[in-house]
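Let's take a walk through a structure together, one step at a time. Keep the picture beside you as you read.

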Amino acid sequence: MAAVETHVPAILEIADDCLILGHRLSEWCGHAPILEEEMALANMGLDLLGQARALYAHAGEIEDKGRTEDDLAFLRREREYRNCLLVERRNGDFAHTMLRQFYFAAFMQPFWRDVAAGSTDATLAGIAAKAEKEMAYHLRHSGEWVIRMGDGTEESARRMADAVIELHRYTGELFMASPARQQAIASGLLPDPESLRAEWDETIAAVFNEAKLEMPEIRVMQKGGRDGNHGEDMGHLLAELQFMQRAYPGQTW
Amino acid sequence: MTAGSEAPGTTGTDFELARALDVASGVPDPEVPCVTVADLGILRSVTRNEDGRIVVRLTPTYSGCPAVIAIEMAVQTALLNAGIDSTIERVISPAWTTDWISAEGREKLRAYGIAPPVGSSGGRRAFFSEDVIACPRCGSTHTTKVSEFGSTACKAHYRCDDCAEPFDYFKCI
């Protein structure tokens, strides 16, 4: 059925975004600059892992081949992950992590809002309604840090400006629709990411303005994640993410 | 909260269903034990399905809330201890909101030392905007947010500038 062929990979793209970014945030555990941010990063990571679980479980059900959320999260090969490159970028310093979160949340909050309001898939709309509220929180928290650091000390401003130079070129992929995604858009499952671009641009511009950050001019946006072509960082990430299931297959808590 | 219709083949009140609702409603939240799952609005319904089985519908607070499974097991165990076999269904739509916390639940939170959610849930909020949160101990509104994220996903961390007590605030979502 067409629904399975396009529906499942389209949902997996989003699930992979959530899983990989959630895992990146979990890497901060025990390393955050202050206790409050330790809790914030872990909490945001937990939200994303929760969203990923719900999406994997839903995709597995539609697919109906017996793949569970754990199979999908832990037992695929690197090329089978379809997350965008932005979320797999290494944490870098706190500025990099917060800017990456801000770019992602500024896209996902309106994305989930539109899925909740208009998706033809009722389960997905239910997941979205919850996720939108969580991403609104992430957007606020990360946006405040971008402003605080961008308009902060000489060093914090330099670090945030460096993060912009490094990460901005990975934001274009948020708006690209893979063939599976295009089908999902056509069948009313998901909103067209292009329809969210103006709102995203506005969110970024407003925060950069307050943060006294310059908007970089990027001629060519990086892409590849949606085709399974990941950066060097992805293999290292998966090595840690998948270690337990690879070393002890089928292990459960 | 709705109790279901009468069991097939019986007449009059379904006492077991009424008791199931009563037992399920009384189960405390594992992370905030001063309130029950009914107070929080997590317990959506207790009904009887066409096979005559008691079905309890619960809704998670946050996507990644680690207490979800603990809550489901606690409700099922409480019912088993009352001699009632049940099926637990996880309902994600409509999404849980703090608007569903009952007035009694809010008062219990306050008495326990957790400031209840202020206002009603909404979408995006302005950067650096602050709600006025009253200290659950002395009632002062002279309070400062210490951290947007607190001891659990559903709470933020505050400090009272009058009585100097730190306290949790149940975030409004």
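**Two domains, two chains**

In chain B, the centres of domain 1 and domain 2, taken over C-alpha atoms, are separated by 28 Å. Keep in mind as you look that this is a predicted model. To find the two parts on screen, colour chain B by its division: domain 1 covers 2–90 and domain 2 covers 98–170. Where they touch, domain 1 of chain B supplies 11 residues and domain 2 of chain B supplies 12 residues. On the domain 1 side of that contact, you will find 6 nonpolar, 3 polar and 2 charged residues.

Now let's look at what chain B is built from. It has 4 helices and 8 strands. Starting at the N terminus, their order is β-α-α-β-β-α-β-α-β-β-β-β. Its C-alpha atoms fill a box of roughly 60 × 30 × 25 Å along the principal axes. Of its 173 residues, 38% count as buried. If you take the contacts in chain B between residues at least 6 apart in sequence, 53% of them join residues at least 24 apart. How confident is the predictor in chain B, going by its mean pLDDT? The mean is 88, and 91% of the residues in chain B reach 70 or more.

Chain A is next. What is its secondary structure made of? Chain A has 10 helices and 0 strands, and its pattern along the sequence reads α-α-α-α-α-α-α-α-α-α. The radius of gyration of chain A is 18 Å, close to the 18 Å that the globule rule gives for 253 residues, so chain A is as compact as a globular protein of that length. Along the principal axes, the C-alpha atoms of chain A fill a box of roughly 55 × 40 × 30 Å. Of the 253 residues in chain A, 50% count as buried. Among contacts in chain A between residues at least 6 apart in sequence, 76% join residues at least 24 apart.

How do the chains meet? Here 21 residues of chain B are in contact with 29 residues of chain A. The chain B side of this contact divides into 11 nonpolar, 7 polar and 3 charged residues. For the complex, the predictor gives an ipTM of 0.79 and a pTM of 0.90.

Let's go inside now. The largest nonpolar core has 118 residues, and those with the most contacts inside it are A15(A), L55(A), L99(A), V146(A) and A24(B). Helix α5 of chain A, residues 94–118, gives the most to this core, with 15 residues. Domain 1 (2–90) and domain 2 (98–170) of chain B both give residues to the core, so it lies between them.

Leaving aside neighbours within four places in sequence, V146(A) is in contact with M98(A), L99(A), F102(A), M160(A), V207(A) and A211(A).

Finally, find G143(A), which sits in helix α6 (residues 122–150) of chain A. Is G143(A) buried or exposed? G143(A) counts as buried because it has 26 C-beta neighbours inside 10 Å, and the cut-off for being buried is 20 or more. G143(A) and L99(A) are 44 residues apart in sequence, and 7.8 Å apart in space from C-alpha to C-alpha. Not counting residues up to four places away in sequence, G143(A) touches F102(A) and V207(A) as well as F127(B).

How values were computed: Residues numbered from 1 in each chain as written. Chains lettered and ligands numbered in written order. Predicted model: local features only at pLDDT ≥ 70, side-chain atom pairs only at ≥ 80, totals over all residues. Helix = DSSP H or I, 4+ residues; strand = E, 2+ residues; numbered from the N terminus. Rg over C-alpha atoms; globule rule 2.2 N^0.38 Å. Buried ≥ 20, exposed ≤ 12 C-beta atoms within 10 Å, placed from the backbone. Contact = placed C-beta atoms within 7 Å. Nonpolar A, V, L, I, M, F, W, Y, C, P; charged D, E, K, R; others polar. pLDDT = per-residue confidence, 0-100. Core = buried A, V, L, I, M, F, W, Y, C linked by C-beta atoms within 7 Å. Domains from an automatic or database assignment.
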